[in-house]
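These are my notebook entries on a protein model. I recorded each item in the order in which I looked it up.

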Amino acid sequence: MVEDTGSVIGKGFDTWKNNLTICLPFVFSAILTHIVAVIIIGAAILAIIPSLLSHLTKSAEPSPELIPQLLPQIFQSMGIIIIAIIVTIILCMLINAFFWAGAIGMAKEAIETGRTDISHMIEYGKRKFISLFFTDIIIGLISFVGILFLVPGILYILPKLRVLSVLPPEEVFTAFAIFGLGFLAMSLYILIISIIFALPRYAVVIDDLGAISGIKTGFKMFMRNKVAVFLLWLIVFAANMIPMSFGFIEYIGWVISAILSIIIISPLTVIWWSRLYLSMTEPTEPTEEL
C-alpha cells in the first residue's frame, strides 16, 4: 500500500537527519561539473583568442576589408565553442547521472536499513549511471518536444521583424500574444512531463532496471498513484522555491541559495521520492537494457 504523503515527509525527514552524508553526491556533482565546464570551455576560448588577435593586430585600425577576412576565422571559432559546449553538456550529464544514481542508492539503503555511507554512493553510481544517463536523455527529448508550441508564434513573427516598428499596434499585440500563448503552453507541457516522469530515475536505481524499463515502470507507477505523486511533486516544487528566494539577497544570496539546495533540499527530496517509490512497489528482477 502506498505510504501517505505526511508519513513520507515526516519519516523521510528523520532518515535525512540520521544520514546527513546523503548530501555528498550533490556536493561532489556541483564541484566536478563546474570544474569540467571551466576547463573545457575555458580551453576552447583560450585556443581561439590567439588566432583572432593575430588578425586584429595586423592593422592599426580595423577596416571594412578586414571583416570578410575574419569571417572564416569567426565561424571556425564558433564551431570550436559549440563543440566545447556539447562535450561539456554530455560530460556534466554523465557526472550528474553517476552522483544521482549514488544519491538514490544511498537513500534506498538509509530507508531500508537506517544507515548509509559513501560506499553505497560509489556502488550504485558505478552500476546505474549509464542507465540513468539514457533515462535523462529520453525524458529530456520528450520534454524538448514542447518547443513545437513556439513554432506558430515564431513563424508569425519572423516575416514581420524587419517592419515591426511600423506595424499597427494590434498586429504587434497579436504577434506577441501568439508567441506568449505558445510559451505558456510549452511551460505547461514541461511541467506535466516533469510530474508524469517523476519516478523513472527511482525505478532505474531502486529496481535495478534499464533506461526503457525504468521509464515504463515509472510511468505505470504514476498512473496507479497519480494523487500521491502529484502531492509530493507540489511539496518538492515548493521546497525548491525556498533556496531560490534567497537569491535576491545582494552579494551572498546565490551562496546561501546554493548551500541550501545542495546540502538540504536535494538530499531531502531524494529521500522523499525514494520512500514514496519503495512504498509503491515490490522488488523486481533486475533488467538491464541500456
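**Entry 1: helix α9.** I began with the length of α9, which runs over residues 226–245, in this predicted model. At 1.5 Å a residue, its 20 residues should span 28 Å, and I found the end C-alpha atoms 29 Å apart, so the two values agree. I then listed the buried residues of α9, which are Ala-228, Val-229, Leu-232, Trp-233, Val-236, Ala-239 and Pro-243. These residues lie on the same side of α9, because they cover an arc of only 130° around the axis. I noted a general point here: an α-helix has 3.6 residues a turn, so residues three or four places apart point the same way. On the face of α9 turned away from the buried side, I found the exposed residues Val-227 and Met-244.

**Entry 2: helix α1.** I repeated the check on α1, which covers residues 5–18. With 14 residues, α1 reaches 20 Å from its first C-alpha to its last, close to the 20 Å expected at 1.5 Å a residue. Which residues of α1 are buried? I recorded Thr-5, Ser-7, Val-8, Gly-12, Thr-15 and Trp-16. Their arc around the axis is only 155°, which puts them on the same side of α1.

**Entry 3: the protein overall.** I counted ten helices and zero strands. Along the sequence, the pattern reads α-α-α-α-α-α-α-α-α-α. Of the 290 residues in the protein, 38% are buried.

**Entry 4: Met-1.** I located Met-1 in the segment before α1. Is Met-1 buried or exposed? Its relative accessibility is 97%, so Met-1 counts as exposed, the cut-off for exposed being over 50%.

**Entry 5: Asp-208.** I found Asp-208 in the loop between α7 (200–206) and α8 (211–224). Its phi is near 55°, a positive value in a residue other than glycine. Asp-208 counts as buried because its relative accessibility is 16%, and buried means under 20%.

**Entry 6: cysteines.** How many disulfides are there? My count came to zero disulfides, taking a pair of cysteine sulfur atoms within 2.5 Å as the rule.

**Entry 7: the largest pocket.** I noted first that rolling a probe the size of a water molecule over the atoms shows where empty space is left. The largest pocket has a volume of about 640 Å³. It is lined by 22 residues, and the closest to its centre are Trp-100, Ser-194, Ala-198, Arg-201 and Trp-273. Which elements give two or more residues to this lining? They are α4 (118–144), α6 (169–196), α7, α9 and α10 (253–280). The largest share, five residues, comes from α10. Sorted by class, the lining has 15 nonpolar, five polar and two charged residues.

Conventions:
Residues are numbered from 1 along each chain as its sequence is written. This is a predicted model: local features need pLDDT of at least 70, side-chain atom pairs count only at pLDDT 80 or more; totals for chains, interfaces and linings use all residues. Side-chain values use heavy atoms; hydrogens and water are left out. Helices (H or I, at least four residues) and strands (E, at least two) are DSSP runs, numbered from the N terminus. The expected span of a helix is 1.5 Å times one less than its number of residues. Buried means under 20% relative accessible area, exposed over 50%, partly exposed in between (1.4 Å probe, protein chains only). The arc is that of the directions from the helix axis to the C-beta atoms. On a 1 Å grid over the protein atoms alone, a cavity is a set of points where a 1.4 Å probe fits but cannot get out, and a pocket is an open set with protein on both sides within 12 Å along at least five of seven lines; lining residues have an atom within 4 Å of a point. Grid points are joined across faces, edges and corners, and a volume is the space filled by probe spheres set on the points. Ala, Val, Leu, Ile, Met, Phe, Trp, Tyr, Cys and Pro count as nonpolar, Asp, Glu, Lys and Arg as charged, and the others, Gly among them, as polar.
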